[in-house]
Structures are given as C-alpha cells and as structure tokens.
Amino acid sequence: MTETILYSAPGTCGRVSAIVLEEAGLTFETRVIRFLKGEHKSPAFKEKNPKGKVPALEIDGAVLTENVAIIRYLAARFPEKALLPKTSTLAEDAEITADLCFCSATLHPLVTRIRIPQFFAGPENASVVKKMGCDAMREYFQLVEDRLAEGPWWYGDAWSAMDAYLYWVFWRVEGADFPVKDYPRFCDHARRMEQRPSVQRALEREDRMTAQLESEGLAFTPPRVST
Ligand SMILES: N[C@@H](CCC(=O)N[C@@H](CS)C(=O)NCC(=O)O)C(=O)O
C-alpha cells in the first residue's frame, strides 16, 4: 500500500477528512499547507489539487479532493468501519450524498461568511455580511437541532462521517460568536464528538500543525468581526 498523506491546515475543513481517516483506523501523515505563504496556490500544491484548496488526500496512488468525495471513497473502501449508513436503493444512496452536500455546499459557504466576512466584503462591510450569514445559518442549525431530537447522531443511534462534518461547522461558527447556545442538542452533539478518540487525535494533529506554523511565524487567526 502507498503512503497516505492528508494535506490540510489547522481549523480548516480538512478536519472533517482527518476525523474520518482516524475513524477508518488508517495510518496517515498530515502535511500542513501554509496559507500565509500562499502555498495552497503554489504550482506544487496545485499539482495535487488544481483548485488550490485543502483538504487533498493522497491514497492508494491517487489524489482525492473535496470532503464529500473523500468521505464517500473511505466509506466504500472500508465498509467494515461503517463510516456511512448502508444503503439498499439508489434513492437512499442519493440521500446520503445530499446530506454530505448540505454540509459542503450549504453550510460551509455560510461558515466562511460568518468566520471571515472581511474576505468577501472588505473590512467596511464585514459586519453586514456576517449578520446575513448568521441569519441564514439559523434556519439550518434549527434543522440539525430538530433532527438530533431523534437520536444522538445525524443518523440516529449510528455515528457517521456526517457527524464529523456537522461538528466542524458547529465548532467553526461557535468560535465566531454564532449563538450556538440556542441549539442545545447541537451543543451536546459537539461535546459528544469531542469525547471520541478519533476527534481527539485529529485535534492533536492540528495542534502539531499549529505549532509548526507558529515556529515558522506563519500562524494566522482572522480578526474577530462583531455584528
Ligand atoms: N468543497 C471543498 C471546500 C474546500 C475549502 O474551501 N477549503 C478551504 C479551507 S476550509 C480552503 O482551502 N481555502 C483556501 C482558499 O480558498 O483560498 C471541500 O469540501 O473540500
């Protein structure tokens, strides 16, 4: 088997893939991408991911990008790990894809508007963009909140990669003053996630990446924007 390498950066959605790799029980290396140096847009990294984004995963001699694709690959490659629910119809399968795309295509864009609004609108409009992001996010946090009334995880009693994705969304906006306390079941979900060894190991990997960036003077925390 070839070496498995996850290209990521601390705090990014690369955490989703890291958690799922840990849940799969894989031995893998995490390689930090230095955003402050523009390494994600460098020709060398763009050979891995032409879109210039993390995560990218080298596995089985291929490079995979997009969390949804990485999750679906790992779930299919390691069926015994039950990373996603088993399906028996095409419609059930499509529903799982829809759930993961809800995270990547609906929630993630709102996360960035809440967390780094200045990147979209400039510092003068950042508060307005953040507020609009928060207002829009409330509908989806309520959707997750209602769903979690049915069980501890998105798919009821069975943990899945979907929970890793939701956790990253929650954590990212919690750290940007989104009012997560209005969604107590989602809060409990996040705290349950933090008990999982896979999550703890993924967070330790991020700590090591952060330490490396700090040692190089390349750590970055976006300034807080108030609404
Ligand atoms: N849909 C992609 C999103 C990837 C993405 O936007 N990654 C961010 C970090 S959370 C990134 O690399 N941003 C750098 C940039 O856009 O310049 C996925 O799920 O993998």
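Ser8, Ala9, Gly14, Arg15, Ala18, Thr30, Ala202, Arg205, Glu206 and Met209 line the largest cavity of this predicted model. A cavity here is a set of points, on a 1 Å grid over the protein atoms alone, where a 1.4 Å probe fits but cannot get out, and a lining residue has an atom within 4 Å of a point. The structure holds one cavity of 30 Å³ or more, and the volume of the largest is about 40 Å³, taken as the space filled by probe spheres set on the points, which are joined across faces, edges and corners.

Helices α1 (14-24) and α8 (197-215) each give at least two residues to this lining; α8 has the largest share, with four. Helices are DSSP runs of H or I with at least four residues, numbered from the N terminus. Four lining residues are nonpolar, three polar and three charged, with Gly counted as polar and Asp, Glu, Lys and Arg as charged.

Residues are numbered from 1 along each chain as its sequence is written. In this predicted model, local features need pLDDT of at least 70.

Helix α5 (residues 118-147) spans only 32 Å between its end C-alpha atoms, whereas a straight helix of 30 residues would span 44 Å, at 1.5 Å times one less than the number of residues. A kink of about 125° in α5 is centred on Asn125; the bend is the angle between axes fitted to the seven residues ending there and the seven starting there.

Buried residues (under 20% relative accessible area, 1.4 Å probe, protein chains only) of α5 include Gly122, Ala126 and Phe141. Among the elements covering them are α4 (90-115), α6 (161-174) and α7 (184-195), by contact of heavy atoms within 4.5 Å.

Conventions
Predicted model: local features only at pLDDT ≥ 70, side-chain atom pairs only at ≥ 80, totals over all residues. Heavy atoms only, no water. Buried < 20%, exposed > 50% of the residue type's maximum accessible area, 1.4 Å probe, protein only. 1 Å grid on protein atoms, 1.4 Å probe; cavity = no way out; pocket = protein on both sides within 12 Å on 5 of 7 lines; lining within 4 Å.
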